[in-house]
Amino acid sequence: MKRAQLLASLAEIRAQIRAAGLRSTAPRVAVLQRLQKTSTPVSHADLFTELADQGFDRATIYRNLIDLTEAGLLSRTDVGDHVWRFELRREGQRGHKREHPHFMCTDCGEVSCLPGVSIRISPVQGAPRSLSAKNVSVQLKGLCDRCAA
Ligand SMILES: [Zn+2]
Ligand SMILES: [Zn+2]
């Protein structure tokens with residue numbers, strides 16, 4: 001069953017949450033609904049702002065982001081500005097692979113996912129073992145198209 005470009009329905013989102021071993025609650029559903037509409041990782045602060053009209057407080061959103069991350073539904077990225085950004089960790093959704101490089105604009109700070117970009121790392125002797133295990137994240141910096149124009 002391939003439905004890469006379709007948004008999951010409410011029932012599907014609830015089923016995903018339960019399949020990950022969590023209770024399906026309103027904040028968890030709201031967070032996943034929001035994140036499936038974007039192709040960029042979103043920070044806790046931005047999610048809180050966008051979901052504020054649904055009446056969740058900051059701590060609730062944060063706790064649920066962590067729960068969803070620990071359950072494997074979200075992945076968490078720090079592109080070097082010490083802000084955690086969250087995104088769906090589901091194969092097929094807008095082409096997101098589990099691991100992909102991220103690009104941060106050094107001017108406007110916008111972060112984007114590069115699911116179609118692969119970067120080969122060839123560790124030399126003495127490099128940290130996590131390099132060989134591919135247990136590292138790749139972050140690229142430069143100017144986005146808008147800022148470079
Ligand atoms: Zn920019
Ligand atoms: Zn990403």
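This is a predicted model: local features need pLDDT of at least 70, side-chain atom pairs count only at pLDDT 80 or more; totals for chains, interfaces and linings use all residues.

Biologist: Fine. How many helices and strands does the protein chain have?

Modeller: The protein chain has six helices and six strands.

Biologist: And what pattern do they follow along the sequence?

Modeller: The pattern reads α-α-β-α-α-β-β-β-β-α-β-α.

Biologist: What share of the residues is buried?

Modeller: Buried residues are 20% of the 149 in the protein chain.

Biologist: What about contacts across the sequence?

Modeller: Take the contacts between residues at least 6 apart in sequence. Of these, 52% join residues at least 24 apart.

Biologist: Now the sheet. What is the strand order in the open sheet of three strands?

Modeller: The order is β5-β4-β6, and the pairing is mixed. The twist averages 25 degrees from one strand to the next.

Biologist: Which strands stand at the edges?

Modeller: β5 (111–113) and β6 (139–142) do. Each has a single partner strand, so one side of each has no neighbour in the sheet.

Biologist: How do strands of a sheet pair, in general?

Modeller: They pair through backbone hydrogen bonds, either parallel or antiparallel.

Biologist: Switching topic. Which residues touch the most other members in the largest nonpolar core?

Modeller: V31, L32, L35, L65, L68 and L74 do, in a core of 14 residues.

Biologist: Which elements supply at least two residues of this core each?

Modeller: α1 (10–19), α2 (26–35), α4 (58–70) and β3 (84–88). The largest share, four residues, comes from α2.

Biologist: Stay with L32. What does L32 touch beyond four places away in sequence?

Modeller: L32 touches I13 and L73.

Biologist: Last one, T77. Where is its place?

Modeller: T77 sits in strand β2, residues 74–78.

Biologist: Why does T77 count as partly exposed?

Modeller: T77 has 19 other C-beta atoms within 10 Å. A residue is called buried at 20 or more and exposed at 12 or fewer, so T77 falls in between.

Biologist: And which residues does T77 touch, leaving out those up to four places away in sequence?

Modeller: T77 touches P41, R85, H102 and S137.

Biologist: How far apart are T77 and E87?

Modeller: They are 10 residues apart in sequence. In space the distance is 8.3 Å, C-alpha to C-alpha.

Technical notes: Residues are numbered from 1 along each chain as its sequence is written. Chains are lettered from A and ligands numbered from 1 in the order in which they are written. Two residues are in contact if their C-beta atoms, placed from the backbone, lie within 7 Å. Two strands pair if DSSP finds at least two bridges between them. Axes are lines fitted to C-alpha atoms, for helices over the stretch in contact, and angles run from 0 to 180 degrees between N-to-C directions. A nonpolar core is a set of buried Ala, Val, Leu, Ile, Met, Phe, Trp, Tyr and Cys residues joined through C-beta atoms within 7 Å.
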